[in-house]
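Biologist: Could you walk me through this model, starting with its packing? I have the viewer open and a few things to ask.

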Amino acid sequence: MSKNEFIELYEKYKSGNCSPEEKEFLENFKDDYKLEDYEWTPEMGDKTQIHEILYSRLKEETATEKDSVYKLNPIVRWISAAAVLIIISTAVVFFYQHKDQISNSTSAVVKFETRKGQKKQITLSDGTVVWLNSLSSLTLNDGYNEKTREVNLIGEAYFDVTHKKDKPFKVYTADFSINVLGTAFNVKAYPDDETSETTLIRGSINMQPTSDNKKTITMVPSQKVIFVKNEKLKPDHKAGKIQDIIVKNYQEVRDTTVVETAWTKNNLEIFDQRFIDMKGVLERWFDVQIIFTSEEVKNYKFTGTFTNESIVDVLIALKKTAKFNYEIKEKTITISK
């Protein structure tokens, strides 16, 4: 959430005009703004007074025609930064402790987003739970959970959909749409990836390619449908098969771990993948940019599981199975032979 968005919602909060959707939006950003090890001390001054002063300062700093820059001494800057966090945290905690049921009479568009290296769990008004992976966005269409339940996805999300016979749940992506009643499935549809895919864990779903909405693919549990966007990767046309669409089983490793949904448990699961195919995943997971200078290294294949490791830990582990070199400058990683 940007400063301007916070200012707007905070003003609504102070006037008592926040809608239920805005409250839910704030709650789903609580992980971004919660205070972990922060404690207010008397030496910092009156909390309420500084709260209001810094709110006014924050609003002034985000004005569109700002023509001056405030220069503060180190102590005042430190207190100011701390108070800004308190402003944000106070608003979020207030809404979190006074959460209301989302009204079905409102039709405002609600959007959830994650940045690189971030994941988010969202509970929608119908009870559906969504895990949103890094660099993704989920938009709820107008009137969600009134007559229909429709969402738009960019990126990757895992859905555990609450069953409602009279209200089908629909997911729209750039490459395909999905229609379900109640089920659990993963959708991966990043714009820059060479493929888009859906993995079904439980229940059943119907899919329709955006390029031809007359074609319908019905999936059963353990199936994975891949839409090939890169011309070089497209399979040869064969009778009885839908060209450019591959149907296969999902990848399962030890302890019934499903590779395609391991990310929801914060596990980076790599299974017989080429280095170049891991590039996008690693970039989003660790908020880095990866550059290859060797075609040979791009095709190295790896298998492994990582949970709390850093990108350096991952690269060191991969180097134990294949020889390559890497150089890190800020957030850019150059990988060579």
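Predicted model: local features only at pLDDT ≥ 70, side-chain atom pairs only at ≥ 80, totals over all residues.

Biologist: Which residues have the most contacts inside the largest nonpolar core?

Modeller: Residues are numbered from 1 along each chain as its sequence is written, and side-chain values use heavy atoms, without hydrogens and water. A nonpolar core is a set of buried (under 20% relative accessible area, 1.4 Å probe, protein chains only) Ala, Val, Leu, Ile, Met, Phe, Trp, Tyr and Cys residues joined through side-chain atoms within 4.5 Å. The largest one has 29 residues, and those with the most contacts inside it are Leu138, Phe159, Phe169, Ile178, Phe185 and Met207.

Biologist: Which strand gives the largest share of this core?

Modeller: Strands here are DSSP runs (E, at least two residues), numbered from the N terminus. The largest share is four residues, and they come from strand 5 (residues 149-160).

Biologist: In the open sheet of three strands, which strands stand at the edges?

Modeller: The order is 17-20-19, with mixed pairing; two strands pair if DSSP finds at least two bridges between them. Each edge strand has a single partner strand, so one side of each is left without a neighbour in the sheet: these are strand 17 (289-292) and strand 19 (325-329).

Biologist: And what is the bridge partner of Tyr326 in strand 20?

Modeller: Strand 19 and strand 20 (residues 332-336) pair in the antiparallel sense over five bridges. In strand 20, Tyr326 has as its bridge partner Ile335.

Methods
Buried < 20%, exposed > 50% of the residue type's maximum accessible area, 1.4 Å probe, protein only.
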